[in-house]
Amino acid sequence: MNDTLRPRGPLWTLYEHLAMHVGLGALALLCLTWLPFAMLLHPLLPRPVGQRLGRRVIAAGFRFYLGLLERLCACRFDLSEIEGLRNERGLIIAANHPSLLDAVILVSQLPDAICVMKASLMDNPLFGSAARLARYVRNDGILRIITGSCEALQQGTHLVLFPEGSRTVHFPVDPLQPTTGMIARRAGVPVQTVLLDFSTAYLGKAWPLLRPPVLPLTVKARLGRRFDAPTDHTAFTTELEAYFRREVRVPTAPTA
C-alpha cells in the first residue's frame, strides 16, 4: 500500500501541520535574509558580476532549503538525473508544472539558471530584488519574453520554462502555450524536457496554500526527451504537449 494513502494518527497529522509551517516559513526567511543584500548590490555591481552572483546565491539557497525539507519535513527529493545539465550551456529546460516547488527544485541544481517571472512577482519586495539581481526575464508581454530569453541563452544560460504557463489544473498536463517553441526557434537552441513526479500535488493549483502536505512527500525529476530547435513553433508545441501527456505521471492526489 502506498505510504501516502495509509491512515494517519493524530500525532502524524500534527507533524504534517508543523512541517507545513516550517517549510513555508523557512522559504520566506531565506528570501528575507537575501533581500537587503540583493537590493543593495543590484545598482552597485556590474551586470555580469551581479547576475552571476545572484543566480548562484539563489541556487545555493534553494539547495539548502530542499535539504532542510528532507531533514525536518519528511520530504524526499531524487534530483540526480538533472545534475548533469549543469555543465551544458545555452539550453531550455522545459518541465511540467504540478507544484509551486517546481522552480525551486530545478533552479537548485542549475547555478546559472533563470526563469521567466510575472511582472507582479518581479515587483514583489520578497521575491523581486533577488530576481532582478539575477536578471530573470520579466513577463511584460511575449516580445519582451522572447527578446530577454534569447539574450540570456546566447550567453550560455539555462532558461527554465513551464510550457503550460501556470500550474497544472487538469492532469497530466494542461494545454501548452507556444512560448517555448517560439523562444527555441528564435534562439536556435534545443529543448531539454524534465518530468517532475510528485507523490501528491502539494502546492498545486487546487491545493490551498495552508493545507498541510501528505507526508512523506516524494519528488523525482526525470530527464526526458531532448528536442532540437524547431523550425515550426506551432507543430513543436503540439508534439511537446503530446509527449508530456504520454510521459507525465499523475500525482496520487491531484486535487484538493
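Biologist: How many bridges join β2 to β6, and in which sense do the two strands run?
Modeller: There are 4 bridges between β2 and β6, and the two strands run parallel. Strands here are DSSP runs of E with at least two residues, helices are runs of H or I with at least four residues, and both are numbered from the N terminus. Two strands are said to pair if DSSP finds at least two bridges between them. Please keep in mind that this is a predicted model, in which local features need pLDDT of at least 70 and side-chain atom pairs count only at pLDDT 80 or more, while totals for chains, interfaces and linings use all residues. Residues are numbered from 1 along each chain as its sequence is written, and side-chain values use heavy atoms, with hydrogens and water left out.

Biologist: Which residue of β6 does I92 stand opposite?
Modeller: The residue opposite I92 is V191 in β6. As background, strands of a sheet pair through backbone hydrogen bonds, either parallel or antiparallel.

Biologist: And what is the order of the strands in the sheet?
Modeller: The sheet is open and has 7 strands in the order β1-β7-β6-β2-β5-β3-β4, with mixed pairing. β1 and β4 stand at the edges with a single partner strand each, so one side of each has no neighbour in the sheet. From one strand to the next, the twist averages 25°.

Biologist: Which strands does α8 touch when it packs on the sheet?
Modeller: α8 touches β2, β5 and β6, and its direction makes about 170° with that of β2. Such angles run from 0 to 180 degrees between N-to-C directions, and the axes are lines fitted to C-alpha atoms, for helices over the stretch in contact. Contact means heavy atoms within 4.5 Å.

Biologist: Let's stay with β5; are its faces buried or exposed?
Modeller: Both faces are covered, with H158 and V160 buried on one side and L159 and L161 buried on the other. Buried means under 20% relative accessible area, exposed means over 50%, and partly exposed is in between, using a 1.4 Å probe and protein chains only. In a regular strand, side chains alternate between the two faces of the sheet.

Biologist: How many bridges does β5 share with β2?
Modeller: β2 (residues 91-95) is joined to β5 by 4 bridges, and these strands run parallel, with A94 standing opposite L161. β5 also pairs in the parallel sense with β3 (residues 113-118), over 3 bridges, and there H158 is the bridge partner of A113.

Biologist: New topic: at what angle do α7 and α8 pack?
Modeller: Helix α7 (residues 142-154) and helix α8 (residues 179-187) pack at about 45°, and their axes are 9 Å apart. The two helices are therefore oblique to each other, since angles under 35 degrees count as roughly parallel, over 145 as roughly antiparallel, 65 to 115 as roughly perpendicular and the rest as oblique.

Biologist: Which residues make that contact?
Modeller: From α7 the contact uses I142, I145, I146, S149, C150 and L153, and from α8 it uses T179, M182, I183, R186 and A187. By class these are 8 nonpolar, 2 polar and 1 charged residues, where Ala, Val, Leu, Ile, Met, Phe, Trp, Tyr, Cys and Pro count as nonpolar, Asp, Glu, Lys and Arg as charged, and the others, Gly among them, as polar.

Biologist: Is the peptide bond from F171 to P172 cis or trans?
Modeller: The F171 to P172 bond is cis, with omega near 15°, and P172 sits in the loop between β5 (158-161) and α8. The bond from L215 to P216 is also cis, with omega near 0°, and P216 lies in the loop between β6 (191-198) and β7 (217-227).

Biologist: What does V250 touch?
Modeller: Leaving out residues up to four places away in sequence, V250 touches F171 and P172. V250 lies in the segment after α9 (233-247) and is partly exposed, at 46% relative accessibility.

Biologist: Last one: what is the phi of A74?
Modeller: A74 has a positive phi of about 55° although it is not a glycine, and its place is the loop between α2 (47-72) and β1 (75-78). A74 is buried, with a relative accessible area of 18%.
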